[in-house]
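Please read this briefing alongside the sequence and the 3D structure. It covers the pairing of strands, a helix residue, salt bridges and a surface patch.

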Amino acid sequence: MAAGETQIYAKVSNKLKGRSTTSLLDPLLGMGFPAHTALKALAATGRKTAAEASDWLHCHCNDPSLDDPIPQEYALFLCPTGPLLDKLQEFWRESRRQCAKNRAHEVFPHITLCDFFTCEDQKLECLYEALKRAGDRTLGAFPSAVPLVLHSSVSYLGFFVNDSTADIIQEFAVMFATEASILADCTVKPCTKQLHLTLAHKFYPHHQRTLEQLARAVHPGHSCQWTASLYSRDMRFVHYQTLRVLFQYKPQNMDELTLSPGDYIFVDPTQQEEASEGWVIGISQQTGCRGFLPENYTERASECDTWVKHRTYTFGVAPDPSSGKDGEASSRRNGELQPLPVSQSSSLQSLQATILRKSVLVVRHGERVDQIFGKSWLQQCSTPDGKYYRPDLNFPRSLPRRSRGIKDFENDPPLSSCGIFQSRMAGEALLDSGIRITSVFTSPALRCVQTAKHILEELKLEKKIKIRVEPGIFEWTKWEAGKTTPTLMTLEELKGANFNVSMDYRPAFPLPSLLPAERYEDYLHRCAVSMEQMVSTRPQDVGVILVVGHGSALDSCTRPLLGLPPRDCTVLTQLVRKIPSLGMCFLEENKEEGKWELVNPPVKTLTHGSNSAFNWSNWIPGN
């Protein structure tokens with residue numbers, strides 16, 4: 001151990017003597033790690049155990065920045081726990097599901113006490129002592145309940161802390177900053193702004209009403225134990241995007257990263273010139289190494305997912321005001337009686353019922369068999385006498401019976417086996433999301449009717465909801481092969497093939513009205529008229545209308561409801577090529593403002609790779 005490192009170690013040990021029975025640093029030094037890297041590992045892992053720090057050092061053995069004297073950044077937050085936290089987390093989930101992600105979702109529920117500051121690794125234990133001393137001095141004055149007042153604007157929604165209580169909390173933050181300066185030689189800036197707990201920030205203005213309604217279920221009177229929590233982050237990656245690894249990946253080249261599920265990758269969006277399409281360059285939090293990785297093996301993570309919690313100081317438990325007279329007496333602070341919480345019967349289900357709106361989920365059908373096996377797919381799976389057989393596992397097990405035989409499938413292909421799987425996965429995800437499908441409409445194309453059927457089966461609704469076939473949302477016929485429109489299955493044929501189709505629904509455009517090579521304006525017109533009929537068929541219904549169509553439907557069936565002008569047909573053609581199987585658009589009706597709005601779909605997209613054909617005979621010697 002170098003002389004300089006020995007002095008640092010001695011300085012830290014002397015300062016903490018009598019405060020810690022065993023030093024976490026000793027075992028690491030005994031393993032042969034230099035003092036400066038051992039201290040860095042302890043800081044990076046929250047100074048919990050020597051074993052965690054040792055594991056971190058082994059993982060970072062090839063980290064080019066391991067010897068760099070770059071300290072962690074620290075911040076102090078006041079965090080709720082208990083029933084109030086449960087309600088806040090419930091709000092986090094629902095607001096993200098119904099109104100898409102906003103800036104507040106990047107961090108857990110908190111009140112900021114001190115902005116991020118740096119602390120040298122060897123002085124971290126002194127920073128912990130600063131938190132303890134400030135907490136001990138404030139404990140007697142800390143309020144048993146923190147009064148919160150809801151505030152809303154076009155870009156912000158959150159709770160403000162009552163002034164008198166805010167003064168006590170800010171005094172605690174100032175004490176911590178002072179102690180940190182004395183003990184750890186840190187420059188800490190306590191928060192001087194009005195203390196607040198953010199619920200939503202930088203959201204779409206049209207989501208304000210929904211967010212406010214969700215926020216009313218988070219009653220500030222819920223019992224809560226407040227905790228001052230010290231977190232750290234790696235200051236090098238503050239402006240990077242954080243990705244969470246979903247799938248394992250073994251590098252194929254020397255410049256690629258090893259990926260394991262749950263790892264985090266830091267990506268600088270401004271430094272991606274060297275990456276080819278579908279790949280990004282990132283730095284692994286697990287190893288500190290830089291390299292290429294496939295982007296579709298990851299998903300966007302929240303900003304705080306990589307933060308490290310170091311120490312906490314817990315203040316007194318607030319009494320639950322719902323517990324009767326004692327609770328009522330205890331809720332009196334500063335001469336005012338705090339409002340009691342709403343009835344315990346209030347739940348997420350009742351909340352959803354009050355804000356439930358009519359919604360439309362437009363979905364592209366699953367993978368079609370000709371998409372994989374080409375235009376000659378039917379010749380590949382039919383015998384000379386016109387019978388179907390399965391030459392590849394991605395061909396469906398069987399085909400429904402058609403009155404004119406197998407040839408009519410040529411321009412009305414079914415789903416592949418993977419397409420059936422995709423549809424079932426989407427249905428399973430919709431079931432997990434908790435949305436309520438109230439009606440289903442599909443294009444008359446077999447692949448669309450099949451997709452709707454498999455989604456309904458996963459939703460356990462295949463016998464309760466009939467599929468309404470609407471030819472008005474069929475694909476633009478100019479894109480169809482041949483000079484005639486495809487021969488599509490009739491309602492009778494579909495019913496005979498065990499599809500639960502409605503025989504009573506009167507479509508906006510009957511099948512015979514579809515004309516070959518129609519004008520683009522005519523296609524857009526029938527889509528707009530059909531959508532208008534679908535959303536007004538049962539005006540009293542709320543919930544989700546499922547519309548299963550083609551790739552173009554995600555544009556031509558949504559823009560009329562949104563009040564947007566149609567796209568140029570060339571632009572639409574290019575757009576459709578980018579829409580994957582089971583791609584979704586989700587619209588909500590805003591009755592108050594008399595319009596429809598495009599919002600975040602209730603389920604995530606399905607991404608997977610290709611799987612080429614394999615010929616075992618190529619492995620026979622001589623072939």
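Two strands are taken to pair if DSSP finds at least two bridges between them, and the strands (E, at least two residues) and helices (H or I, at least four) are themselves DSSP runs, numbered from the N terminus. This is a predicted model, in which local features need pLDDT of at least 70 and side-chain atom pairs count only at pLDDT 80 or more, while totals for chains, interfaces and linings use all residues. Residues are numbered from 1 along each chain as its sequence is written, and side-chain values use heavy atoms, with hydrogens and water left out.

**Sheet**
- An open sheet of 6 strands has the order S17-S16-S18-S15-S19-S20, with mixed pairing.
- Strand S17 (467-469) and S20 stand at the edges with a single partner strand each, so one side of each lacks a neighbour in the sheet.
- From one strand to the next the twist averages 25 degrees, where axes are lines fitted to C-alpha atoms and angles run from 0 to 180 degrees between N-to-C directions.
- Strands S16 (residues 437-442) and S18 (residues 543-549) run parallel and are joined by 5 bridges, and Val 440 has Leu 546 in S18 as its bridge partner.

**A buried helix residue**
- Ser 423 lies in helix H13 (residues 417-433) and is buried, with a relative accessible area of 0%; buried means under 20%, exposed over 50%, and partly exposed in between (1.4 Å probe, protein chains only).
- Leaving aside residues up to four places away in sequence, Ser 423 touches Gly 366, Leu 415, Thr 451, His 454, Ile 455 and Leu 582, contact meaning heavy atoms within 4.5 Å.

**Salt bridges**
- The structure holds 27 salt bridges, each defined as a side-chain nitrogen of Lys or Arg within 4 Å of a carboxyl oxygen of Asp or Glu.
- Arg 137 and Glu 179 meet in a salt bridge at 2.9 Å, N to O, and this pair links distant parts of the chain, from helix H6 (residues 124-138) to helix H7 (residues 163-184), 42 residues apart.
- Arg 137 is exposed at 54% relative accessible area, whereas Glu 179 is buried at 5%.
- Glu 90 and Lys 87 also form a salt bridge (3.9 Å, N to O), and because they are 3 residues apart in helix H5 (residues 82-99), about one helical turn separates them.

**Surface patch**
- Phe 614, Trp 616, Trp 619 and Ile 620 form a nonpolar surface patch with about 570 Å² of accessible area together, as given by the Shrake-Rupley method with a 1.4 Å probe, only the protein chains shown counting as cover for residues.
- Patches are made of residues with over 30% relative accessible area and no salt bridge, like charges being joined within 9 Å and nonpolar side chains (Val, Leu, Ile, Met, Phe, Trp, Tyr) within 5 Å.
- Ile 620, in the segment after strand S20 (595-599), is partly exposed at 35%.
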